[in-house]
Amino acid sequence: MSASSALRRYIFDALFFAYSAALVIYGAMLIFGGDTSQETAIAQMNTILLSLLGLSAVSAAVAVGCAKAHISTLGEVLFASHARRLELGKIGFFKSQWGLHLTATMLLTFLVSVKVTEFSFYELTDAGGIAGALRLYHGLTHANLGLLPTAIAQVVQTIFIAFLATVIAIPPAFVLSFLGARNVMTGNTGFTIYAVTRTVLNIARSVEPLIWALIFTVWVGVGPFAGMLALMIHSLASLAKQFSEIIEDAGPGPIEAIRSTGASPLQVVWFAIVPQTLMPFISFVIYRWDTNLRMATVIGLVGGGGIGTLLIQYQGQAMWPEVGCIIIVIAAAVWVMDVASSYIREALR
Amino acid sequence: MKTLLSVRGLQKVYPNGVTALKGIDLDVYPGEFLVVIGLSGSGKSTLLRCLNRLIDPTAGKIIFKDRQIEKAEGREARKVRRKMGMIFQHFNLIPRQSVLQNVLMGRLGATNPWKSLFHLFAPQDVVKAKSYLELVGIADKADLRADQLSGGQQQRVAIARALAQNPELLLADEPVASLDPATATAVMEYLRKVNKELGITVVCNLHFLSLVREYATRVIALRAGELVFEGNPQDIDETWFKKIYGETARDINVR
């Protein structure tokens, strides 16, 4: 075993042992009524952090000890040499020490998850609860089709929100994608531009459209405009990243060939890279429109306009037959867009 | 005789520490068909790419038509490239573009950049491009998409694209290595035609000795980044062959 893989094994084992131990302690606190409320947790933050640190130190010692005592661990199995792996493979999973440890930890994680999520068959089978759900279901299946014209008008608005968000996002995404492609941005200056572009895009993308919608409803007021802006920002960041990856996949051969003709860097991009990427670009744009339609519905729930806003209004008043009608319209629109988009993307291939 | 291109002490060390060229001295004379042989990884491709400055050499001098070009950057490097056409093992045409468009890309360096973005090439360039397609025998395919052609046809389009640059030197990086023997010979015939009829000097990397003997007017051999042979193609006998390709190598006759 080489030094680096040995180190990786120790780090992995230490973390895994620390996790197991922390799980046991947390589980014990849950079962024996230890105080796990948020206030206590915050108050005792120092104690918790210190004990986690101590746990890691002890686990590191245990990890090294296991290696010395030839006790097989998960880290060893993952990072061992090929020969050692074959040797370890001869011992059955449930007979091996690492197998037992892994099984016990997984089982414990499952049990703690059940406890933490307040999983309860009693709630699920409560007669009153089921009756309520059935009433709702009855409402949904007896949709009030009188609302159909309104619902269709609103879903059309949603489709336009999704469309405009996609279309406005394309030009800036197109430009940014070249700045965020490693094979276009060569040299030191290039790398800086690449790194900055990628970082900004990743941050913008990691903020969910739902959060953007909350920001824009405050900025421009509740309505379709806020929803469109939220989707547009998210589409811009997503498309730019996807475009960049397509550009990085472009064959280096044509790029070299166009450079060899004495073309300028801009001409190389335009003649060698763009033709190779156009079809995948279009394919991703259509997929983005399709995604945006579904997202626009959700964004409508927080005031982004369109069918989502209509849905949350009727849901708030518990008018289930109307909600049923709206859901039918949403499902139909999503289904049509889905089929159309996959058909077009297939044709573009 | 005056040289077209002259290389002195050319070295290339890649950023990962690999030394591809260890001080090459080389003269290329106008009108010759110079073939470079050597194993894969011997530095043939690096040498060609240093000549037209697709790669920056680490040290040494390159003199092309009495001008020192080894340090040429940006606009100046592009001017050098315009005078040297290049063809590649994998043809490197732009897919989804017509054959004629591909040939016209040889004119990019000479076209106003803003006009070129809208594919506005000068009418005389279009006429020229068609005549080069005629020269390589595929004028009838001008409107087809480049990726619909066979390998041999694609390489002929690549030759036409290089010719559209109006070059004085044609660099060919293993132009027939991914073609079948019959097609390979046909492509080599077109390169000879370009060399003889248009008087364009050719520097060509090749693998097969039978092709070398048939087409080269002069041969150099590289081994591990060093020039180990320079002379007539007929002079490469069994001893030299083993020196260049290693003791276990045997010549494969492709024809």
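1. Chain B holds an open sheet of 6 strands, ordered β6-β7-β8-β3-β9-β10, with mixed pairing; strands are DSSP E runs of at least two residues and helices H or I runs of at least four, numbered from the N terminus, and two strands pair if DSSP finds at least two bridges between them. Its edge strands, each pairing on one side only, are β6 (84-87) and β10 (226-231) of chain B. Neighbouring strands are turned by 20 degrees against each other on average, direction ignored.

2. This is a predicted model, in which local features need pLDDT of at least 70 and side-chain atom pairs pLDDT 80 or more, while totals for chains, interfaces and linings use all residues. Residues are numbered from 1 along each chain as its sequence is written, and chains are lettered from A and ligands numbered from 1 in the order in which they are written.

3. Strand β9 (residues 218-223) of chain B runs antiparallel to β10(B), to which 5 bridges join it. Ile220(B) has Glu230(B) as its bridge partner in β10(B).

4. The contact between the chains (C-beta atoms, placed from the backbone, within 7 Å) takes 18 residues from chain A and 22 residues from chain B. On the side of chain B that touches chain A, α2 (74-82) and α4 (113-117) each supply at least two residues, and α2(B) gives the most, with 4 residues.

5. Leaving aside neighbours within four places in sequence, Ile326(A) is in contact with residues including Leu147(A), Ala151(A) and Tyr314(A).

Key
Two residues are in contact if their C-beta atoms, placed from the backbone, lie within 7 Å. Axes are lines fitted to C-alpha atoms, for helices over the stretch in contact, and angles run from 0 to 180 degrees between N-to-C directions.
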